[in-house]
Amino acid sequence: MIEHYLDCRHEFGGRGPTAFDCWGQVRDVRANVFGWEWLPSYGAIADGDKRAFTDACVKERVAFQEVAATPGAIATVWRHRLCVHVGIVVLVDGILAVLETNPGSGPRWLSVADFERQYLKVIYYHDR
């Protein structure tokens with residue numbers, strides 16, 4: 001289900017099919033794995049512009065509700081009032097996990113518990 005994403009490289013502004021940034025990966029997985037409506041691209045947000053990234057996340061979460069980690073939920077990572085990263089909750093061999101990509105590690109999945117240990121404040125949002 002997510003093997004394709006693990007073979008892709010991390011690239012800021014990447015919207016697929018072989019390179020993604022964190023938001024690009026989330027929106028592609030929602031559309032192509034879960035079959036849900038495409039979220040806006042936001043590909044023009046500059047690398048490192050966490051204020052613009054936060055503004056985009058806040059705009060999108062209006063249609064979402066805060067939930068416990070569940071398949072398809074967007075895992076948002078917060079540092080104070082800034083959203084600094086996102087991933088998406090998936091099932092991997094029956095384990096609830098978060099698929100993410102970032103410049104340091106590239107694409108990977110972590111169990112929900114490991115993801116939450118990696119980042120200080122994680123909030124999950126879902127529109128289903």
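## Lining of the largest cavity

In this predicted model, the largest cavity is lined by Trp23, Cys57, Glu60, Arg61, Phe64, Ile74, Thr76 and Tyr125. Sorted by class, this lining comprises five nonpolar residues, one polar residue and two charged residues. About 90 Å³ of space lies within the largest cavity, and the structure holds one cavity of 30 Å³ or more.

Two secondary-structure elements, helix 3 (50–61) and strand 4 (74–79), each contribute at least two residues to the lining of the largest cavity. Helix 3 provides the largest share of that lining, namely three residues.

## The largest pocket

Which residues lie nearest the centre of the largest pocket? They are Cys22, Lys50, Phe53, Val84 and His85, which belong to a lining of 25 residues. The space in the largest pocket amounts to about 410 Å³, and the lining of this pocket divides into 13 nonpolar, six polar and six charged residues.

At least two residues of the pocket lining come from each of helix 2 (22–32), helix 3, strand 4, strand 5 (82–92) and strand 6 (95–102). Strand 4 gives the most to the lining of the largest pocket, with three residues.

## Fold and overall dimensions

The protein chain has four helices and eight strands, and, read from the N terminus on, its elements follow the order α-β-β-α-α-β-β-β-β-β-α-β. With a radius of gyration of 13 Å, close to the 14 Å that the globule rule gives for 128 residues, the protein chain is therefore as compact as a globular protein of that length. Taken along the principal axes, the box filled by the C-alpha atoms of the protein chain is roughly 35 × 30 × 30 Å.

## Burial, contacts and surface

Of the 128 residues in the protein chain, 47% are buried, where buried denotes a relative accessible area under 20%. Among the contacts in the protein chain with a separation of 6 or more, 51% are between residues 24 or more positions apart.

The accessible surface of the protein chain comes to about 6700 Å², and carbon and sulfur atoms account for 51% of this surface.

How values were computed:
Residues numbered from 1 in each chain as written. Predicted model: local features only at pLDDT ≥ 70, side-chain atom pairs only at ≥ 80, totals over all residues. Heavy atoms only, no water. 1 Å grid on protein atoms, 1.4 Å probe; cavity = no way out; pocket = protein on both sides within 12 Å on 5 of 7 lines; lining within 4 Å. Points joined across faces, edges and corners; volume = space filled by probe spheres on them. Nonpolar A, V, L, I, M, F, W, Y, C, P; charged D, E, K, R; others polar. Rg over C-alpha atoms; globule rule 2.2 N^0.38 Å. Buried < 20%, exposed > 50% of the residue type's maximum accessible area, 1.4 Å probe, protein only. Contact = heavy atoms within 4.5 Å. Areas by Shrake-Rupley, 256 points an atom, 1.4 Å probe, with all protein chains shown as cover.
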